[in-house]
Amino acid sequence: MGDWKTITVPVLSSDSKNIFQYTSERKRSPTSMNSQVLRLPLPSSKNMHSFFSAFCTEENIEQSISYIDRELTTLGFPSIYVESKGKELNIISIINCMNELLALQHKNLRAQEEVEMQHLKLGSDMDHLQNCYAKLKEQLELSKREIVGLQERDRQLQSKNRNLHQLLKNEKDEVQKLQNIISSRATQYNHDMKRKEREYNKLKERLHQLVMNKKDKKIAMEVLNYVGRADGKRGAWRTDKTEARNEEEMYKVLLSDYEQRQKQLLVENAELKKVLQQMKKEIISLLPPQKQKPKERSEDGLVLSDPEEDIGELNKENMWELSCETVREQLTNSIRKQWRMLKNHVEKLDNQVSRGHSGAWNEKDVISREDHELETEKLELEIQQCKEMIKTQQQLLQQQLTCDDDTTLLLQDCYLLEERERLQEEWRLFREQKKNFEKERRSFTEAAIRLGLERKAFEEDRGTWLKQQFLSMTADCKHSENVTTPSSDQDNWLVKSTSQQRKPPSVLNGPVSAEPCQTSQYITHNSAESKKIAGDSMPNLWVESDDKEETE
Amino acid sequence: ASCVQHCLVVRDASSLQVRQIYTCLDQIQYLEWSSDSLFILCAMYKRGIVQVWSLEQPDWHCKIDEGSAGLVASCWSPDGRHILNTTEFHLRITVWSLCTKSVSYIKYPKSCQQGVVFTKDGRYMAVAERRDCKDFISIFVCSNWQLLRHFDTETQDLFGIEWAPNGCVLAAWDSCLEYKLLLYSLDGRLLSSYRAYEWPLGIKSVAWSPSSQFLAIGSFDEKVRILNHVTWRKVTEFEHPATIASKKTIVYKEVEKSPSVETERLFFPPTRALASSLFSTQSKYEISQVPVSLQYIKPVADRANPKMGVGMLAFSADNCFLATKNDNIPNAVWIWDIRKLKLLVVLEQLCPIQCLQWDPRQPRLALCTGTSRVFLWSPAGCMAVQVPGEGDFQIVSLSWHSSGDSMVLLSKDNFCVCYLEREEV
């Protein structure tokens, strides 16, 4: 505002001094701060006085007032004139305007302060940023330099690498070259050697000729007397026969050596085969009984049946000492199969053990190691307990044997009494049985006696009956011969007949065949009491006669 | 029998009593008994003369003069009645017969380490020949010296041949420039050939096992490879490293210690025995703890026949052990168990080993290192035996008696016989 004023009002400088004095006084009164602040932008007091007086003087008061009014109205303030009449100043409005202007001024000052603060801040920020910028620039420079340096190194290393590669290639080429040189030199040396050897041979030949040419005058053997050969034989002429014989001998030697070797190999072979078979048997026995899937079973069944067949076959083979390819292959194949099965089995067991070890056991028949240990501990405890029991029992026994006499005697007595009672009971039983047996025996003897009597009677009856028969028969044929036949003769004849009955009983069949039915009836009657059961008619008779024999 | 300059002295083996003395015409260079121990041949290479003496008849004499042909080697035939002389430059081998007046010639023999070998039963002889820059082998029947077989070998430069103890297989190997071993049967067929590697130096030594089951090949790469007689393929390889780390090997180390002097016993003038014992050092074996590192020598690279590789191979008589010596580690003898194919024992000596030989009857090994001690090893243990006597007796080589009861120890100028007591069972 000050600036503006200076532009517009240099003409009125002399006039406006007073008003300016006035206003500046007014202004100075309210606040010292304001005035201090005011001092800064505004020119100095001297200048201010002159400045204030420059605008409004006594002459141009109205002009200046109207000018001020115009300015104020353009600024939006209410006019300082009274509305109804012109040229009268509205002091209230003037004061209001002044107040407003002051307020504006304050505001502006504050704004200015703020702006200045911001300005300062921005300035410091700017400085800070400039510093940062400078530092970053430096860093950038540094890193650029570093990069450059590293690139340089990289380039150097690459070039070194290339050089080394090159060197390596060179070395390899050299090696190749040297090898070629070596081989070429070797061939050259060989060639030279051969040439020299040929020369040498030629020399030798020459020398040989010379030596031979000398006709052995010097070369001689002087022996006092010839010595016999070591084996006493005379020397033999060299002929084709001898040559052939030599060949023969040589072949004989070779053959004998081969035969020996073959024998050894056969023996070894047989031993190895035996070992293999044993191994196979053991493997089969080691393998668990195949109780798993039927598929496996079929396989195993096949396999199991195979070895048995094989064993049978091989046993046969071995007996004949054959060693054909197929048998050998069979044996080895079957052993391989068994071995594989065994391996699988062992692997399974291992897995189970490891699983059991880790604590997870799915199958029932897997006993984890801990359980196993527990079991063993339990068993050990049990064993201990049993041992202790045994000890105590032994002690008790000892006590029994060596404890107080009374108690032992008592005990013994008790035992004895028990035993005696038992024995008595048994005796009683025994006696009863004995009585029964006696009774039975008596009854049996009576029965036997009776039986004997009856038998005797029967015999007598039979005898008489037979006698009658016989008599009647012989009466037809022969009268005189067999009349005087008492029962004894009849018996004797019967006895004879019985003795002869062992042999084909064709003699007696004739006369006695007529009465088989009747006799059999009678005999069956009798034999009901006798112990022997009669069957046929003929044996009945013989049985009867047997009885008779016994009784006699 | 021993020779001293011109004289041949024959002694009794059990008592060392002199039995006969013969004089020869010149200094004797080589001496050999005939197989039936009735004759001794003395070869004088310089003069080209071989003289034969008889034990039964001291008056009997025989002289074979090679004359201008010269003499390089001489040996008996297995029947003890023929002498094979190799003339100079290996021009030919002359077979002189003591029974008849016949002379046979074998042309073009090869001058190699082992060119003429006889089978163990003395029936056949194999001779290595070289004609037109090619190697051949001829097999002769010893009874009438008839040529049985003649075949060529696939070797570049045949170095040696050796019969198997069963007399049916002949092993022939190439020179050290190439590793190649060929196996021929008695009738000349090639049974098999073995080649372990191509370029480095090859076979150094070869030994058959007494049962002909194994063939041990020692090579310049410090390894021994064992072939079996059924397939002629390698069964195993034995290595000779400088450090022994396996716990199952026993390492015996020869340790020297000077005897302590008992001051009370000293009296002046000291007796001879005491003096000698004062200055002589005793040595005994100590068992070293595994791992043991042995003295390893790297040979000079630009010389021919370098001292590296397995130079000595010997099987024991019962086929159970193999003794080897690695020339890179010249102080040690390695004993391998053939039944288990493992290293059993290592004997570490103080000086390089000069000679080792197995007892022909028992599994006993005797070795000498050029000192005055002979070392014996058996599965029961090992010991060092000092040769008693004054002065130094540097044992250079030794040789067992065929009964295994005694052995001869040779030094440069002297020899002595060592008798071994048999344990009363």
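Predicted model: local features only at pLDDT ≥ 70, side-chain atom pairs only at ≥ 80, totals over all residues.

**Entry 1: a pair inside one helix.** I began with R195(A) and D192(A), whose side chains meet in a salt bridge, N to O at 2.9 Å. For a salt bridge I take a side-chain nitrogen of Lys or Arg within 4 Å of a carboxyl oxygen of Asp or Glu. Both residues sit in helix α6 of chain A (residues 91–213), 3 residues apart, about one turn of the helix. Helices here are DSSP runs of H or I with at least four residues, strands are runs of E with at least two, and both are numbered from the N terminus. R195(A) is partly exposed, at 45% relative accessibility. My cut-offs are under 20% relative accessible area for buried, over 50% for exposed and partly exposed in between, with a 1.4 Å probe and protein chains only.

Residues are numbered from 1 along each chain as its sequence is written, chains are lettered from A and ligands numbered from 1 in the order in which they are written, and side-chain values use heavy atoms, with hydrogens and water left out.

**Entry 2: a pair across chains.** Next I looked up R123(B), which forms a salt bridge with E249(A), the closest N and O atoms being 3.9 Å apart. This pair crosses between chains: R123(B) is in the loop between β12 (116–118) and β13 of chain B, and E249(A) is in helix α7 (residues 240–286) of chain A. R123(B) is partly exposed at 35% relative accessible area, and E249(A) is partly exposed at 32%.

Entry 3: I then checked E237(B) and K223(B), a salt bridge with its closest N and O atoms 3.4 Å apart. E237(B) belongs to strand β23 (residues 234–239) and K223(B) to strand β22 (residues 223–228), both of chain B, so the pair ties together parts 14 residues apart in sequence. E237(B) counts as partly exposed, at 26% relative accessibility.

**Entry 4: positive phi.** Most residues other than glycine have a negative phi. I wrote down two exceptions. D132(B) has phi near 50 degrees, and its place is the loop between β13 (124–131) and β14 (134–141) of chain B. N319(B) has phi near 70 degrees and lies in the loop between β28 (310–315) and β29 (321–326) of chain B. Which of the two is buried, and which exposed? D132(B) is exposed at 64% relative accessibility, whereas N319(B) is buried at 13%.

**Entry 5: a buried serine.** S77(B) is in the loop between β8 (73–76) and β9 (82–86) of chain B, and at 2% relative accessibility it counts as buried. What does S77(B) touch, leaving out residues up to four places away in sequence? I get S35(B), H82(B), L84(B), F118(B) and W145(B), with contact meaning heavy atoms within 4.5 Å. I also noted Y124(B), 47 residues from S77(B) in sequence and 10.0 Å away in space, C-alpha to C-alpha.

Entry 6: Chain A has 15 helices and 1 strand, while chain B comes to 1 helix and 38 strands. Of the 552 residues of chain A, 18% count as buried; of the 425 residues of chain B, 53% do. Among contacts with a separation of 6 or more, residues 24 or more positions apart account for 66% in chain A and 41% in chain B. Chain A exposes about 44400 Å², with 56% supplied by carbon and sulfur atoms. Chain B's accessible surface is about 19900 Å², 51% of it from carbon and sulfur atoms. These areas come from the Shrake-Rupley method with a 1.4 Å probe; for residues, only the protein chains shown count as cover.
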